[in-house]
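User: Got a model here that I'd like to talk through. Can you take me through the helix geometry and the burial?

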Amino acid sequence: MSPRAARRRAADPQDPPIYREMVALWSDRGRTLPGRPDPEWARLAAPTVRGEGVSGTPVPRGAGR
């Protein structure tokens with residue numbers, strides 16, 4: 001989506017001009033806009049998957065740990 005289209009979706013024509021200007025500025029700078037998902041936050045908050053299950057060295061039963 002182009003920055004201009006993002007501005008149209010995020011700012012309502014009934015919003016105060018200063019709010020519309022802020023949305024346009026943030027959109028042009030690639031920042032997160034109110035009411036829109038933040039892809040960077042989703043990436044950072046996603047669980048990381050490393051291999052399968054718990055890693056470690058198997059210890060024979062009774063070897064004490």
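User: What span should the twelve residues of helix 2 have at 1.5 Å a residue, and how far apart are its end C-alpha atoms?

Analyst: Helices here are DSSP runs of H or I with at least four residues, numbered from the N terminus. The expected span is 1.5 Å times one less than the number of residues. For helix 2 (residues 17-28) that gives 16 Å, and the end C-alpha atoms agree, since they sit 16 Å apart.

User: Before we go on, what are the ground rules?

Analyst: It's a predicted model, so local features need pLDDT of at least 70 and side-chain atom pairs count only at pLDDT 80 or more, while totals for chains, interfaces and linings use all residues. Numbering starts from 1 along each chain as its sequence is written, and side-chain values use heavy atoms, with hydrogens and water left out.

User: Which residues of helix 2 are buried?

Analyst: Buried means under 20% relative accessible area, exposed over 50%, partly exposed in between (1.4 Å probe, protein chains only). By that cut-off, helix 2 buries V23, A24 and S27. Down the axis of helix 2, the buried residues fall within an arc of 100° (directions from the helix axis to the C-beta atoms), so they line one face.

User: And which exposed residues does the face turned away from the buried side carry?

Analyst: That's the other side of helix 2. The exposed residues there are I18 and E21.

User: What share of the protein chain is buried?

Analyst: The elements run α-α-α from the N terminus on, with three helices and zero strands. Of the 65 residues, the buried share is 11%.

Key
Helix = DSSP H or I, 4+ residues; strand = E, 2+ residues; numbered from the N terminus.
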